[in-house]
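I opened my notebook to get to know a new structure.

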Amino acid sequence: MSWPRAYRLALSLLPSALRRKHGDAMAALFARELGRARARGWWHGVLAGVAGVWDALRRGAYERMRPGCHDGAGAGPLLRRHALSFTAAFTMLTAALLAVHATRRLPALSARGAPAGTLVEAVLLAVPFVAMLTLPMAVLVAVLREFTRLGDGGALAAAGWERRGVRRLVVPVLGAAAGVAALAFVVSAAIVPRTNARLAVVLADGAPAPSDRTMTIG
């Protein structure tokens, strides 16, 4: 898929009125900026493409979720409910897995005479890799919960009879999920290996051999 096509797809997250008014101008501006970036090199083109698509996704999510957005019935409230369900699920799942990590690792550190600061550091360093487990789980919980509520309330059946009704409900959620996936990729590729390396040092009380859990993409 080309970057202009991906940008057009990201623009579908915008409310229809805003998309009709500014969509073509935004796509043309993106194409010009992409061309200028590609003239400086392949990597500059990739960065410009990623930045443009991410900006369109972020703007679309904001327009859908902000108060007063009524593009069709319920797109804005639906995303807000998804965000609340996702936040609640992510918080509870992350806290539960961190508690499991703490009960497994902290007793050995305490027995070794580690100070309180080291114990806190061992828990905090576990947050990134635990979050990589709980992010997709929280997305699944939020989607199942909110679309089950829509089905029970008859909104899914009603959307099936409307022109683009199902798309109106699904596209904002897919856009938000793409944003979460992009964030998860950055964290897992750049942050998790470094925190894992430091956590291995803390737990081993020394410098252990590098492993695949401490490798960045580079």
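**Notebook: helices, rings and a surface patch**

I began with Val 100, which is partly exposed, with a relative accessible area of 36%. I keep in mind that this is a predicted model. Val 100 sits in helix α4.

Next I asked which residues make up the nonpolar patch on the surface. I found Leu 97, Val 100, Leu 133 and Met 137, which together have about 300 Å² of accessible area. Two elements, α4 (75–111) and α5 (116–153), each give two or more residues to this patch.

I then moved to His 101, also placed in helix α4. Is His 101 buried or exposed? I noted a relative accessibility of 9%, and the cut-off for buried is under 20%, so His 101 counts as buried.

What does the side chain of His 101 have at 3.4 Å from one of its polar atoms? I found the backbone oxygen of Ala 122 there. Setting aside neighbours within four places in sequence, I listed the contacts of His 101 as Leu 106, Ala 122, Ala 126, Phe 129 and Leu 199.

Not counting residues up to four places away in sequence, I saw Ala 122 touching His 101, Leu 106, Leu 109, Leu 199 and Val 202. For Leu 109 I also looked up the spacing: Ala 122 and Leu 109 are 13 residues apart in sequence, and their C-alpha atoms are 9.1 Å apart in space.

Tyr 7 lies in helix α1 (residues 3–11) and Phe 30 in helix α2 (residues 16–39), so the pair ties together parts that are 23 residues apart in sequence.

Phe 86 and Phe 90 form another stacked aromatic pair, with 5.9 Å from centre to centre and 10 degrees between the planes. I found both Phe 86 and Phe 90 in helix α4, four residues apart, which is about one turn of the helix. With a relative accessible area of 24%, Phe 90 is partly exposed.

Note on methods. Residues numbered from 1 in each chain as written. Predicted model: local features only at pLDDT ≥ 70, side-chain atom pairs only at ≥ 80, totals over all residues. Heavy atoms only, no water. Patch = residues over 30% accessible without salt bridge, like charges linked within 9 Å, V, L, I, M, F, W, Y side chains within 5 Å. Areas by Shrake-Rupley, 256 points an atom, 1.4 Å probe, with all protein chains shown as cover. Salt bridge = Lys/Arg side-chain N within 4 Å of Asp/Glu carboxyl O. Buried < 20%, exposed > 50% of the residue type's maximum accessible area, 1.4 Å probe, protein only. Polar contact = N/O pair within 3.5 Å; in protein donor to acceptor, adjacent residues only side chain to side chain. Contact = heavy atoms within 4.5 Å. Phe/Tyr/Trp six-rings, centres within 6.5 Å; stacked < 30°, edge-to-face > 60°.
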